[in-house]
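Please read the following with the sequence and the coordinates open.

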Amino acid sequence: MKIKKLLTQLPFLMMSAGLAGLASTAVAADIKLGAAEALTGPAAKYGSAIKNGLTLAVEQINAKGGVNGNKLVLTVEDEQGKKEEAINAFKKLIFQDKVLVLFGPTLSNSAFAADPIANASKVVVFGTSNTADGISAIGPHVFRNSVMEADVLPVTTHAAVKHFGIKKVAVMYGNDDAFTKSGYDVFKATLAAQNIAVTSTETYAKGDVDFKAQLTKIKAGNPDAIVCSCLAEEAANIILQTRSLGMKQPFIGGNGFNSPKLFEIAKDAADNTVMGSPWSAENAAPANSAFMAAYKTKYNADPDQFAAQAYDAVYIVAEALKGIKLSGNLGQDRQALRMALPGVKFTGATGKFVFRRAPSTNGKEAGFDADQEAIVNIAKGGKFILLK
Amino acid sequence: MLEQQLINALSLGSVYALFALGFTLVFGVLGVINLSHGAIFMLGSYAALLLVEQLALPLWLAMLTAMLAAGCLGLLIDFLVLRPLRKRNAPHLAPMIATIGVAIMLTNLAQGLFGAANQRFPVGTIPEDSFTVKDMHVTEVQIGIVLISFGLMVMLLAVMRRTQLGRALRAIAESPKAAYLLGVNVEGLFFLTSFTAAALGGAAGVLVGLSFNAISPFMGQPMLHKGIAVIILGGMGDIRGALIGGLFLGFAEVMTIAYISSDLRDAVAFGLLFLILLVRPSGMFGKVLERKA
């Protein structure tokens, strides 16, 4: 009797053993990466460049056999540049797709809303384009390789002041976006520290298309340059309208200016704009040249800083993963990655990279920022070149 | 600086006024607050963009055609949505709610068809010339907006005051049932009004699209909000009110930015609106509603 019972259960036993075998091989074969980026909406130019950078890196790594033999699988969700969608995208990637690590979101504004979710779920969220102040302070699972405005803007401003002999500036910024506001705060402190007078400070809201009133007011103050903490879409419109009012001042910009979209819209009107970035198209180092060539081949377009940082970010994560043995337990693996990331030293398209721990606030552990030098660029003839 | 700001205010105000013209026309004659006017405005802009991009039409022709297209869209909305509600004697607010649905649908449609990113007219389409008098810069497009807005308003007023058609429309505005009894072709004139109002909205869309060169499926929303404020300020249903109200809002916004603070732009503009309404609740030119025993 007992043997008969055992025999009837045998197929079940064999099946489950087989399935277990299958299951364990499936977990070992794929490393799930998630990304929530703005693929549509006003921030789409940044988001699609980021997606391209991420995808290129994943493909290259997989072509070389993956990480420790495991292939990377990238799932990209569209967060449309909106806070609510970023939160939804994060939740889906973390709880439904069960990713190991999360890239994004595109805008700092969305990061303030969505990163706390990743942090609370103990999943590393890796920002490649968030430069506002305070994002890494969200928690120890927040990492970014995008250099903060606080690190870049003083360098940019100093170089611009020297280059143009600037004594006074007008300032313009968007007062309803975390990134532009953070940039403004840094600019304000920088200008004060460098003893540059501010003739007037004007604001606008995201989505505004008419800036003539603010610009006319700025014109009356006769500044030597206009400092703009803006996203690319508004920045381009502002530049165009400035020129149409007959103003010739150069612009000094933050990370938002770092996109070819600026030139698509503003074209030559944007000449003499100064901005800082850890990546430069003119950097002839082998890692960067290889990246640029591969990007051009795959996408038939030149990469920008957003693509470069996203590309490097994947490689940084891959470096960290090399030293980990994945157990198949999602919580454990996520923690292992979290512990391995800070120690990564990597040289990529954006040059030498290490993480820097952000100072803790109110006794709360903070995450990690990028520790990289900013290069100052100036716009000439529709692209950014090094400012010497 | 003041002169330049006045020019800025005039062109911004004319844009608001043009948008509000169509809006107020529908309210005046049909008694409906057409909240899809913003979506029609947006689609007018896209229509002009497509005509210029795909068919390489000259700008003036593209604008006229876009107006026609917008007008037909307005007609379609009236026939499919507003007319059935009229036939069933729907409660007062039902058409307004229905047009909210139409607006959402059209916006989503545009997003699906054209994508959510801002689109621009091809390089060279928009007249780039500007005139410089002393220290003031006026662009051709700004002049165009002011002239076209005022021109259309004058035409509308002339039709309303001096023609049989206008008289019929005014009769309907007062009481559709009485007008019907007097032999006025009420349904036909409702269609004509919807068509005309939508065409005006489309014209506004094209002009705004040219002016700021940023066409997106969401460009109608902020305009609609301002448009509602304008027609309430000017008196709902009154054409002069739409124009004066639009100019007033434009001036209030620009002057706030220029002399107070750009941060407080909307707060001051709408605060003033509120104050005016406190003094004259039915708007500047609105008819004071009396209760008839």
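A:Asp30 has A:Lys71 in β2(A) as its bridge partner. This pair belongs to the parallel pairing of strand β1 (residues 30-37) of chain A with strand β2 (residues 71-78) of chain A, which are joined by eight bridges. Two strands count as paired if DSSP finds at least two bridges between them. Helices (H or I, at least four residues) and strands (E, at least two) are DSSP runs, numbered from the N terminus.

The model is predicted: local features need pLDDT of at least 70, side-chain atom pairs count only at pLDDT 80 or more, and totals for chains, interfaces and linings use all residues. Residues are numbered from 1 along each chain as its sequence is written, while chains are lettered from A and ligands numbered from 1 in the order in which they are written.

Together with helix α2 (residues 44-63) of chain A, β1(A) and β2(A) form a right-handed β-α-β unit. Right-handed means that, with the strands pointing away from the viewer, the path from the first strand over the helix to the second runs clockwise.

Chain A is divided into domain 1 (25-147 + 283-372) and domain 2 (150-277), with bounds from an automatic or database domain assignment. The centres of these two domains of chain A, taken over C-alpha atoms, are separated by 29 Å. Where they touch, 14 residues of domain 1 of chain A are in contact with 16 residues of domain 2 of chain A; contact requires C-beta atoms, placed from the backbone, to lie within 7 Å. On the domain 1 side, α2, α4 (108-120) and α11 (305-322) of chain A each supply at least two residues. α4(A) gives the most to that side, with three residues. The residues of this side of domain 1 of chain A are seven nonpolar, four polar and three charged. Ala, Val, Leu, Ile, Met, Phe, Trp, Tyr, Cys and Pro count as nonpolar, Asp, Glu, Lys and Arg as charged, and the others, Gly among them, as polar.

Between the chains, 21 residues of chain B are in contact with 23 residues of chain A. On the chain B side, α1, β1 (130-133), β2 (136-139) and α10 of chain B give two or more residues each. The largest share, four residues, comes from α1(B). By class, this side of chain B has nine nonpolar, ten polar and two charged residues.

How values were computed. Two residues are in contact if their C-beta atoms, placed from the backbone, lie within 7 Å.
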